[in-house]
Amino acid sequence: MKQPVHVQGCGLLSAVGRDRIDVVSKLHAGEAQPAVLALPDLGLGGRFLFRPLPTRLVPDGEERLDAMVYAAVDDALREARLSVRERRQLPVFVGSSSMDLGNIETQAQRRAEATTSLRLRKYGWSVIADRVARHFDLNGPRYSFSVACSSATNALLTAMAEVAAGRLEQALVVGVECHNTLGLHGFNSLGMLADDACRPFDRQRRGLVLGEAAAAVVIGRGDGRCRLLGGANRCDAGNITRPTPDGMVATMKDALAAARIAAGEITAVKAHGTGTEVNDTAEAEALHQLFGETLPPVSSLKPQLGYTLGANGLVELVAWLWCLEDGFIPATPNFRQPDPDVGIMPLQAPLPCASGHFLLNCFGFGGNNSCLVIGYD
Amino acid sequence: MTEVRIRASRAMAFPAVEPPRPLRDELRALCQRAPRRLNRFTELALIGALGCAQQADMPLPSDCALYLATGQGFADDTARLLEALLIEQQAPMPVDFINVSGSSAGFYLAQTLGLDSRNNTIAAGPASFEAALSLAWGALADHPGLALVGGVDVAGHPLADHRQRLGLAPDTGIVEISSWLLLDSRANATGASLVRPQYWGNFAEALEDLRARKPGPWSLGNGLTTSERSQLRALADEVLPAPDSGQADTLSAYAIASWLEKKPSTGPLLHLNGDGAGGYYLVELLP
């Protein structure tokens with residue numbers, strides 16, 4: 001028998017900070033100026049726009065990623081106020097696309113042997129989940145998801161299903177993406193990085209501005225203000241880098257059906273909204289197909305948070321939720337010129353909102369499409 | 001209560017050798033229109049999954065879910081890209097970068113097999129396959145249907161670098177794996193029954209619960225320590241020999257699929273494994 005699932009605690013470290021009041025204030029103000037990262041050590045003349053964490057939040061070094069994750073998890077666990085028993089049996093679901101690549105790069109750059117062979121100490125896709133469990137003495141099962149940009153969303157959807165069915169009482173879900181040069185150069189080689197700013201749905205959109213963040217949520221059964229009503233994951237296996245509107249529509253419809261919510265009941269959409277030509281065009285067409293003439297307000301958080309790749313679904317859920325708690329839906333900064341081929345004007349100013357149903361989209365490489373429906377009151 | 005059955009299986013594992021065993025011809029024998037420019041991990045995943053699908057005696061429906069378990073994923077390819085970037089200052093080529101995306105193998109599996117449903121790649125150290133099996137079991141208990149669940153790990157080359165990367169002794173054997181089960185929880189499902197995988201957060205609790213189990217053939221995974229294995233051997237009437245000598249995080253997939261391919265008439269099979277971080281899984285199969 002399925003039971004309702006809600007969010008019991010959240011933590012977030014992102015380009016707009018860690019403290020909830022600070023984060024909400026920045027999201028309300030629409031601050032979205034990317035930093036310029038130069039990568040002189042590589043001799044490639046690399047100059048990339050990026051949305052990094054504020055330097056005061058975590059120290060640089062080989063354990064930077066761990067510090068990010070532990071801070072977000074610590075905040076989520078504190079807020080969830082679990083009993084000792086609940087905490088000890090808590091399972092951990094981690095979603096990330098680069099896992100601990102940032103740490104590995106730092107190690108490699110600092111060691112003499114990097115000149116001959118990379119020694120990837122304790123490499124494996126489950127290392128973050130194992131470290132979180134050990135650090136916080138959590139003894140439940142650990143699952144690590146790596147499915148590109150839907151990683152953390154799929155981790156959350158799976159945890160939701162396990163909790164809703166009663167197989168788990170609660171779950172800790174973590175999404176993390178830490179700065180790494182391979183990711184920056186990889187997306188650059190694909191010609192997907194913006195050279196001025198992230199402008200979702202804008203006629204002048206030129207691509208992604210990557211970012212880094214760690215987010216954590218504790219979910220459990222019962223009623224709460226933020227209810228995870230349902231979601232869906234599907235694979236649109238047509239083209240590995242070009243999503244189709246049909247694939248997106250099918251996923252959004254499945255998510256709404258799982259949540260038992262009609263499209264007309266959606267208060268607003270948190271779009272995936274990457275700022276790339278291909279993704280925004282496909283997502284806009286999908287939203288028009290699904291909602292027809294009654295498209296609800298649409299916003300993208302990527303100009304402010306950066307595109308946090310495998311973590312983005314969870315990072316943006318927490319940011320969206322904190323804004324709702326403060327009574328508004330965040331706007332999409334950097335939008336200047338409507339694109340007639342897209343036909344979507346994202347929110348230009350924060351929209352007062354105290355409750356409703358929200359569709360949160362997350363579409364990854366490999367046609368890995370995931371959508372989540374939440375209720376807030 | 002929904003019952004989850006294993007409709008088909010494919011056990012595939014072989015020792016990693018230098019130079020690596022070529023896979024392309026093997027893949028083309030199974031699928032003439034196999035995608036090109038794949039990495040070794042995806043080629044091996046496709047060979048195993050296509051072999052399992054062929055055993056099913058039915059075309060896979062598009063809503064068959066996919067759970068791909070791996071401990072190391074594309075470690076070798078990622079290391080190669082990093083070396084090129086950090087040492088030779090060469091940016092990754094687009095196709096190489098896409099091939100180390102965590103969803104790429106799942107995408108090509110879905111494309112080749114005609115699947116459009118849930119698609120996940122999951123890791124949990126040496127118990128990655130058990131973890132994926134556990135989540136697939138849950139999904140099929142909630143929504144009757146099919147799920148293809150596989151364990152895939154490849155070796156990096158040269159093998160000495162791969163061993164070093166994983167912290168293994170220079171003489172440790174490495175196994176490459178692509179072993180798959182097709183799970184079916186529909187009303188008309190046939191095949192061995194998969195009991196809901198059980199998890200314990202420490203070995204003492206696992207051992208206590210296992211003392212009450214019926215004797216049967218036991219299979220011990222490579223995530224167990226020597227001490228844990230000897231304690232479990234003392235409980236068991238029969239312990240199946242390890243399927244292959246060598247290291248791979250998803251060796252359990254091969255152990256379970258191998259047992260099924262022998263079409264056992266007695267059982268149950270009790271497969272116990274550790275995740276290398278204090279967690280233990282029991283997978284129980286009823287023939």
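Predicted model: local features only at pLDDT ≥ 70, side-chain atom pairs only at ≥ 80, totals over all residues.
Two rings of Phe, Tyr or Trp count as a pair if their centres lie within 6.5 Å, and planes over 60 degrees apart make the pair edge-to-face. Over all chains, the structure holds eleven aromatic pairs.

**Stop 1: a ring pair between chains**

Select A:Phe187 and B:Phe97. Their ring centres are 5.2 Å apart and the planes sit at 75°, so this pair is edge-to-face. Now show the cartoon: the pair crosses between chains, with A:Phe187 in helix H7 of chain A and B:Phe97 in helix H4 (residues 94–99) of chain B.

**Stop 2: the whole interface**

Zoom out and colour the two chains separately. How many residues of chain A are in contact with chain B? There are 61 of them, and they touch 61 residues of chain B. About 4800 Å² is buried between chain A and chain B, with carbon and sulfur atoms giving 61% of that area. Next, pick out A:Trp125, A:Arg167 and A:Leu182: in chain A, these lose the most area to chain B, and together they make up 14% of what that side buries.

**Stop 3: polar and charged links**

Stay at the interface and look for polar contacts. The rule finds 20 residue pairs in polar contact between chain A and chain B, with both residues at pLDDT 80 or more. Which elements of chain A give two or more residues to this side? They are helix H4 (101–110), strand E5 (142–145), helix H6 (151–164), helix H7 (181–189) and strand E9 (226–235). H7(A) brings the largest share, seven residues.

Side chains of opposite charge can pair when their charged atoms come close. Between chain A and chain B, the count is three salt bridges. To see one, select A:Arg234 and B:Asp116, whose side chains meet at 3.2 Å, N to O.

**Stop 4: strands side by side**

Go to E5(A) and strand E4 (residues 119–123) of chain B. These two pair in the antiparallel sense over two bridges. Click on A:Ser144 and look across: B:Ala123, in E4(B), stands opposite.

**Stop 5: a link within chain A**

The salt bridge count over all chains comes to 37. For one inside a chain, select A:Arg205 and A:Asp280, where the closest N and O atoms are 3.8 Å apart. This pair links distant parts of the chain, 75 residues apart: A:Arg205 is in the loop between H7 and strand E7 (210–211), while A:Asp280 is in helix H9 (residues 277–291).

**Stop 6**

Hop over to chain B and show the backbone. Is the peptide bond from B:Glu18 to B:Pro19 cis or trans? That bond is cis, with omega near -5°. You'll find B:Pro19 in the loop between strand E2 (13–15) and helix H1 (24–30) of chain B.

Then select B:His157 and B:Pro158, which are also joined by a cis peptide bond, with omega near 0°. B:Pro158 lies in the loop between strand E5 (146–153) and helix H7 (159–166) of chain B.

Methods. Residues numbered from 1 in each chain as written. Chains lettered and ligands numbered in written order. Heavy atoms only, no water. Contact = heavy atoms within 4.5 Å. Buried area = accessible area lost by both parts, 1.4 Å probe. Salt bridge = Lys/Arg side-chain N within 4 Å of Asp/Glu carboxyl O. Polar contact = N/O pair within 3.5 Å; in protein donor to acceptor, adjacent residues only side chain to side chain. Helix = DSSP H or I, 4+ residues; strand = E, 2+ residues; numbered from the N terminus. Pairing = 2+ DSSP bridges. Phe/Tyr/Trp six-rings, centres within 6.5 Å; stacked < 30°, edge-to-face > 60°.
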